[in-house]
Amino acid sequence: MQQDSFIPVFNWAIAELTVAERLETLKPLWKHIAPLAVPGGRALNLCCGSGAAAFLLEEAGMAVTAVDSSPRLIELAREEARRRGSAVELVQADVLGYELEANNYDLALALGNPLLDFPPERFGPFRDSLAKALKPGAHAVFEYYDGVVSHRKWSEPAERITEREPEEIASRYLGYEAALGAFKLELHNRTRDEKCIYHGYVYTIPLLRQLLAPRFTLKRSHSLSDYKFLDVHVRD
Ligand SMILES: C[S@@+](CC[C@H](N)C(=O)[O-])C[C@H]1O[C@@H](n2cnc3c(N)ncnc32)[C@H](O)[C@@H]1O
């Protein structure tokens, strides 16, 4: 049986993942995404967090389904949907196991680097089910960070406070597990006194593109920094 991919840290209060904060931080990306919206079409927002991108897609005239495994973030998205009278369909589910309707979507987004959370053995089935859900020629937009740089950033310093408000979260680097291809962090929410282990899979940008290549053609890449990219793929 496949394990559920719920990641406890995303159920903690993290200021940078609130809708208001993401509406602000998404601005530099949105100029690349907005032209891909299909008014009257259907969009899929994978690993949607608190739903900021989903609401922007709805404003652009799309009917949106947004999926995330974190109950807390989906609840924040539902609160925002009620506040704005939104019809975005918000689903709390693991995208690696979620059944998507075939040939149904004109656009898919996965922003904020969620691919780093996907174990390599689940990447191929995820890619194939996403491709099946998209109409031929539909765009799939991924924001991804180079995993080697992410690994270095989390390992130095090995111990740090990553959040202070509204909950204090400390991280401790536990090393790199070559057999998993992942670095390991212990995250301690000091406000709740809860701990969890987080695995960050070390994908590089060319590797991610190769993993997507059997079903998608890379159309455009926007460099967001020296290690962050927003790639626009087309479903073959
Ligand atoms: C860094 S956050 C980014 C959230 C949102 N996309 C944004 O840009 O604000 C990564 C998100 O991916 C979600 N996630 C990671 N793996 C997932 C999975 N297998 N299924 C559903 N959601 C997942 C987490 O719950 C979290 O909300």
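A residue is called buried when its relative accessible area is under 20%, and exposed when that value is over 50%. Keep in mind that this is a predicted model.

Start with Asn-189. Its relative accessibility is 0%, so Asn-189 counts as buried. Asn-189 belongs to strand β8, which covers residues 182-189. What does its side chain reach? The side chain of Asn-189 comes to 2.9 Å from the backbone nitrogen of Arg-192. Setting aside residues up to four places away in sequence, Asn-189 touches Trp-12, Glu-167, Glu-168, Ile-169 and Glu-194.

Now Phe-183, which also lies in strand β8. Is Phe-183 buried or exposed? Phe-183 is buried, because its relative accessible area is 0%. Apart from neighbours within four places in sequence, Phe-183 has contacts that include Trp-154, Tyr-173, Tyr-176, Tyr-198 and Val-202. His-151 is also one of its contacts. Along the chain, Phe-183 and His-151 are 32 residues apart, while their C-alpha atoms are separated by 6.4 Å.

Next, the partner strand. Strand β9 covers residues 194-201 and runs antiparallel to β8, with eight bridges joining the two. As one of the pairs, Glu-186 has Ile-197 in β9 as its bridge partner. Together β8 and β9 make a hairpin, and four residues sit between the strands. In that turn, Asp-193 has a positive phi of about 55°.

To recap, Asn-189 is buried, Phe-183 is buried, and the strand that holds Phe-183 is β8.

Technical notes
Residues numbered from 1 in each chain as written. Predicted model: local features only at pLDDT ≥ 70, side-chain atom pairs only at ≥ 80, totals over all residues. Heavy atoms only, no water. Buried < 20%, exposed > 50% of the residue type's maximum accessible area, 1.4 Å probe, protein only. Polar contact = N/O pair within 3.5 Å; in protein donor to acceptor, adjacent residues only side chain to side chain. Contact = heavy atoms within 4.5 Å. Pairing = 2+ DSSP bridges.
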